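Me: I am new to this structure and would like to go through it step by step. Could we begin with the terms that the description relies on?

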Amino acid sequence: MGHYADKYKDKVTSGIQKLYLNTGEATNFARWRYKVSVAIAGNSEVSGYINIALYGAGGNTKQYEIVQGTLKSGKTYTNFIDVELKVGTIKKVTFLWRNNVLQSTQPTLGAAKVTVQAGEDGKVFNFCGSGTVKENVLQTLTSC
């Protein structure tokens, strides 16, 4: 089903499976699914959103939203993203957060850990961060 389906015909070995097809609006139509989990560090609770970008051997993605809502230190947020290219072996990720509410104090948040699981083969990549960053400042996490 979909682009590259012929490459995966022998990989389905169990009986019933759910399959999802998500294609892009224009060529290249193929999309690659990743499960991304982000553990938040910091001492603030804000209303905002978190974006993650993947950097790998096959190229780099744009920023993808992982969560929007109340962001709390110590919580882990997970989402599936469908990216425009096959990233391959992921070397690093970037974390970016934005606040939806204007605050007189300048809160800081950071990604303590980001876990990325490739939908194609289930391979898991772990990245560790240190410290926190202000709103709209990129934090780069490397493999740990």
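Reply: A disulfide is a pair of cysteine sulfur atoms within 2.5 Å. The model to which this is applied is a predicted one.

Me: How many disulfides does a search of the whole structure find, and which cysteines form the link?
Reply: A search of the whole structure finds one disulfide. Its sulfur atoms lie 2.1 Å apart, within the 2.5 Å limit, and they belong to Cys-128 and Cys-144.

Me: What is the angle about the S-S bond of Cys-128 and Cys-144, and is the link right-handed or left-handed?
Reply: The angle about the S-S bond is 65°. With this value, the link of Cys-128 and Cys-144 is right-handed.

Me: What is the mean pLDDT of the protein chain, and where is confidence highest?
Reply: The mean pLDDT of the protein chain is 87, and 78% of its residues reach 70 or more. In the protein chain, confidence is lowest in strand β9 (residues 133-134), at a mean of 94. It is highest, at 98, in strand β8 (residues 124-128).

Me: How many helices and how many strands are there in the protein chain?
Reply: Read from the N terminus on, the elements run β-β-β-β-β-β-β-β-β-β. The count for the protein chain is therefore zero helices and ten strands.

Me: Which residues touch the most other members of the largest nonpolar core?
Reply: The largest nonpolar core holds 30 residues. The elements that give two or more residues to this core are β1, β2, β4 (64-72), β5, β6, β7 and β8. Within the core, the residues that touch the most other members are Tyr-34, Phe-95, Val-114 and Val-116.

Me: Is Ile-50 buried or exposed?
Reply: Ile-50 lies in strand β2. Not counting residues up to four places away in sequence, Ile-50 touches a set of residues including Ile-40, Tyr-64, Phe-95 and Trp-97. Its relative accessible area is 0%, which is under the 20% limit, so Ile-50 is buried.

Me: How many salt bridges are there, and which side chains meet at 2.7 Å?
Reply: The count of salt bridges comes to two. One of them, at 2.7 Å from N to O, is formed by the side chains of Arg-33 and Asp-82.

Me: At what distance do the side chains of Glu-120 and Lys-86 meet?
Reply: Glu-120 is partly exposed, with a relative accessible area of 34%, and Lys-86 is partly exposed as well, at 41%. Their side chains meet in a salt bridge whose N to O distance is 3.3 Å.

Me: Where is Ser-44, and which side chain does its own side chain join in a polar contact?
Reply: Ser-44 has its place in the loop between β1 and β2 (45-56). With a relative accessible area of 13%, Ser-44 is buried. The polar contact spans 3.3 Å, and the side chain on its other end is that of Asn-43.

Me: How far apart in space are Lys-35 and Gly-122, C-alpha to C-alpha?
Reply: Lys-35 is found in strand β1, and at 33% relative accessibility Lys-35 counts as partly exposed. Along the sequence, Lys-35 and Gly-122 are 87 residues apart. In space, their C-alpha atoms are separated by 9.3 Å.

Conventions. Residues numbered from 1 in each chain as written. Predicted model: local features only at pLDDT ≥ 70, side-chain atom pairs only at ≥ 80, totals over all residues. Heavy atoms only, no water. pLDDT = per-residue confidence, 0-100. Helix = DSSP H or I, 4+ residues; strand = E, 2+ residues; numbered from the N terminus. Salt bridge = Lys/Arg side-chain N within 4 Å of Asp/Glu carboxyl O. Buried < 20%, exposed > 50% of the residue type's maximum accessible area, 1.4 Å probe, protein only. Polar contact = N/O pair within 3.5 Å; in protein donor to acceptor, adjacent residues only side chain to side chain. Core = buried A, V, L, I, M, F, W, Y, C linked by side-chain atoms within 4.5 Å. Contact = heavy atoms within 4.5 Å.
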